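Please walk through this structure with me, one chain at a time.

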Amino acid sequence: MVVWKIAQSVLNGLLSGGVYALIGVGITIIFGVMKMVNFAAGAYLVWGMYFTYLWHKWTGLSAYALIPLVVLSMILFGYITFKGTIRRVIKTGGTSFILITVGLSFFLQNLAETVFGTNPLAVDSSIKTSSFLLGKIGGLPVIVGIPRLIAFLVMLVLVLGVNFLLTRTMMGRAMRATAEKPEVATMLGINTNKTYTFAFVLGVTLAALSGLIVTPLYYVQATVGNTFRIAPLMVVVLGGMGSIKGALVGGMLVGVVEQLVATFISADLGTAGICILFLIILYVMPYGIFGKGERAA
Amino acid sequence: MSEKLLVVRDLSISFAGIKAVQHLSFDMEPGEIVGLIGPNGSGKSTTVNMISGTYVPDAGTIEFNGRELTRRDSIASRSRMGIGRTFQTPRPFGNLSVRDNIYSILLQRYGFREAQGKADEILELSKLMHLADAPASKLSIEKRKWMDLARVLATEPKLIMMDEVMAGLNPNEMLESFEFIREINRRGITVLFIEHVMRAVVSVCMRVIVLNEGKFLYGGAPNDALNDPTVVAAYIGGGKLDA
Amino acid sequence: MTHARKSRGPILTPGRIIPLILLLIMALIPALVTSNYLITILVNCMAFAIFGLSWNIIGGYGAQISWCSAAFVAIGAYVNFILTNEAGISPFLTLPLGMALSYAMATVIGYGTFRLRGAYFSIATIAFAETLRAAVQYFKPLTKGTAGIYLTYRGANFWHLTFPNDRPFYFIMLILLVLTLFFTYRFTVSKTGYYLSCIKGDEIAAESLGIETFKVKLRAFQVSAMMMSVAGCFYASFLTYISPASTCSFDLSIKIGVVAIIGGIGTLWGPVLGAFIIVPLIELAAKLLGASGSSNVLYGLMLVLIVIFRPKGVLPLLTALYDKVFPARDAAAKGGRRA
């Protein structure tokens, strides 16, 4: 019985961890290029959900078909919010970025609540409750929820796409150069401002897409942001700031821990479980699983 | 052996496969002014960073005042032992006045009133008294360098490692700086002087150590070093040499 | 303001008289004003001023942005109510317990993060705040979970900080505010305070000059946490009802940070100014716009705008005005560290 519970939790966790991983990858990209943590990722996820809802209402298409439209909306939304706020304080230093992204997070999430109201909305999906049987352990069924599975697969596709972008395209190379040595990048003719903008918009679009892929699983409402505001930060630190591989692994780990805690201890302690894990890891492996240590004494 | 202030033996460090410093050995006696010179990338700053504690060497030993420095000796604790350093680009506490820059550091050793008195002394010595209450962020580059030195003096060091102090100074400022450094040395402080400006090296240093590509190349009197063919070859092959 | 450096001048400078006058006005208000509503607002202003000053110790003077202020407030609040309700112990006696718990929590977080650079600290504070909130919700037998705790009222009792109306709290908060201002000032001119401003100026240089940055930051965070829990204890008695939503929320932590930042991050009077601007403003916004969501939007927006346009907060505008009205007598009075 216990083995079954563990197996099912781990499976669920791996799949839902994919969502955390996706947001985490978004934050990692922004951190890699701009050396700053985007605390507003959760808020962009919320807006991703609301954009999905709006397009769904206007076109009737299912969430997954709306990906291109939502991406376009988010690129615009991300660009406007970035240019209006963060772009102006890039030069000022670390604490400004922390303050402004936290402020932005608070502002955007509550703005969504003000604009769309507090009532939970829903994006209908025909596959919301479908699942298939993976196998049995001790006579108990181990089930894979289809929405979770699709979310995971979409995440994989997106991450592979991002990886391709970073390694094979000019912009990707520009981003990596800016990440390593901004001064040298400028000398090589790379427009660092453009690179920062691109990185940020890419990062928050990934967060928004995370919102899209969980619409079959959650109601669309601003408070969802609270759930997704903390876990991705943990993912990024656990995986090692700036490592996409790390964000992936971290995301799964976080997802699994959350599910295990929710199953065996209490449903609403899931996030707290992640936080405790985070605090422990901070002591043991401060630079995360794939992070690069500092060469200090 | 116990007379020597600093003993560096077989010091080595690599970064990402690049051997920045290889098997470096040298000594310093108390009261010396030793120049550490060499083309760009020869490992001078890296060596200073290893002595100050910023980097942990891969191999070799550093002995200061007869005691070996280990990775457990943090940057701050090495400063308290008497190892001081300045940075290539000055690092003032821009949010404080010049006086408070120095005063804060003195508070580590003295009570409030005594520290005030000592701060005055250092301000006089470094000719910054007239700027004492100005915000440090408003200082010119020459004054910033002097304030860096003044601040290190507040730690009552036995050794000061000066990292390219002369960069960016005009000839007059340089002459004044030579005198300042000599005065510091007269007060019993040993100086390790990283420099590119050869005029300064010749003027101030008693002897020089030449590095090239992370290795010890030559040691001797400044003028002898500058005339030595291997040293000249290293510079022409590598970095700059402005006399 | 360096020690023993100001040229001898008049003892009562405008810089000293103005706060005294303000204090006098504040002390007289309850006698002149009958509206309990106004009194309540002012108590809130003062409470948030104290929270803001506590945040400032690590956030402003130390430039380490903490988002777990609410957690320390909650510790002070819950220790107070649990022990008062269950065991009848006076909040004054349980204060040290709240402080000790906060000190311990701050030490745990500090040990994990202050050796690292960057946003680790801020992230860890968010993690800690969430953990505490979950813990408060979960240990229902002790904390009554999401339902919260009502302070049982057994008649007016100073020792238990229970009163029939808010007026006594006005004076309690005023005294607490004056004490906090005084304590904050003493902190900034203490050795730790000086080292902290060096670290804020240039951490690498500070380290190279012998300052143990880890220890200093840790001490500042511990002090900030303890101050926050003391304030939380008294604030809770004033509120008479606490719940995870009202005391442990991320919202509260943001509000506290915003108060200090809007007023003037890293200054003595900044958080006070910030509190007296923001608390009434939000009250007004809530009346005009309704739901709490919209007032939260304001917090976020203000934070963003201030960081972009006035990163030093509103206080510099006032000090500029002050300098115009009372030009400095001698050059030595200018420059140096501004409180």
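What covers the buried residues of α4(B)? The cover includes α3 (98-106) and α5 (141-153) of chain B. Some conventions come before the details. This is a predicted model, in which local features need pLDDT of at least 70, side-chain atom pairs count only at pLDDT 80 or more, and totals for chains, interfaces and linings use all residues. Residues are numbered from 1 along each chain as its sequence is written, while chains are lettered from A and ligands numbered from 1 in the order in which they are written. Helices (H or I, at least four residues) and strands (E, at least two) are DSSP runs, numbered from the N terminus.

α4 of chain B covers residues 112-125, which makes 14 residues. From first C-alpha to last it reaches 20 Å, close to the 20 Å expected at 1.5 Å a residue; the expected span is 1.5 Å times one less than the number of residues. Its buried residues are Ala115(B), Lys118(B), Ala119(B), Ile122(B) and Leu123(B). Seen down the axis of α4(B), the buried residues fall within an arc of 145°, so they line one face of the helix. The arc is that of the directions from the helix axis to the C-beta atoms. An α-helix has 3.6 residues a turn, so residues three or four places apart point the same way. On the other side of α4(B), the exposed residues are Arg113(B), Glu114(B), Gly117(B) and Glu124(B). Just after the helix, Lys127(B) takes a positive phi of about 55°.

Now turn to the strands of chain B. Strands of a sheet pair through backbone hydrogen bonds, either parallel or antiparallel. Two strands count as paired if DSSP finds at least two bridges between them. Strand β9 (residues 207-212) of chain B is mostly covered, with five of its six residues buried. β9(B) pairs with β3 (residues 33-37) of chain B in the parallel sense, over four bridges. There, Val34(B) stands opposite Arg207(B). β9(B) also pairs with β10 (residues 215-220) of chain B, in the antiparallel sense and over five bridges. Asn212(B) stands opposite Lys215(B) in that pairing. The hairpin of β9(B) and β10(B) has two residues between the strands, and Glu213(B) takes a positive phi near 50°.

Chain B also holds an open sheet of four strands. The order is β2-β1-β4-β5, and the pairing is antiparallel. Its edge strands, each pairing on one side only, are β2 (18-28) and β5 (67-68) of chain B. β1 (residues 6-15) of chain B pairs with β2(B) over seven bridges. Within this pair, Leu11(B) has Leu24(B) in β2(B) as its bridge partner.

Next comes chain C. Its secondary structure comes to 15 helices and two strands. How does the radius of gyration of chain C fit that of a compact globule, and what is its value? With 339 residues, a compact globule would have a radius near 20 Å; chain C has 20 Å, which agrees. The radius is taken over C-alpha atoms, and the globule rule is 2.2 Å times the number of residues to the power 0.38. The C-alpha trace of chain C spans about 60 × 50 × 40 Å along its principal axes. Of its residues, 52% count as buried.

Chain C touches both other chains. Contact means C-beta atoms, placed from the backbone, within 7 Å. Toward chain A, 34 residues of chain C meet 37 residues of chain A. The elements of chain C that give two or more residues to this side are α4 (91-113), α5 (120-138), α12 (250-264) and α14 (292-309). α5(C) gives the most, with twelve residues. This side divides into 23 nonpolar, ten polar and one charged. Ala, Val, Leu, Ile, Met, Phe, Trp, Tyr, Cys and Pro count as nonpolar, Asp, Glu, Lys and Arg as charged, and the others, Gly among them, as polar.

Toward chain B, 24 residues of chain C are in contact with 28 residues of chain B. α8 (191-201) and α9 (203-208) of chain C are the elements giving two or more residues here. α8(C) gives the most, with seven residues. The division is nine nonpolar, eight polar and seven charged.

How values were computed. Contact = placed C-beta atoms within 7 Å. Buried ≥ 20, exposed ≤ 12 C-beta atoms within 10 Å, placed from the backbone.
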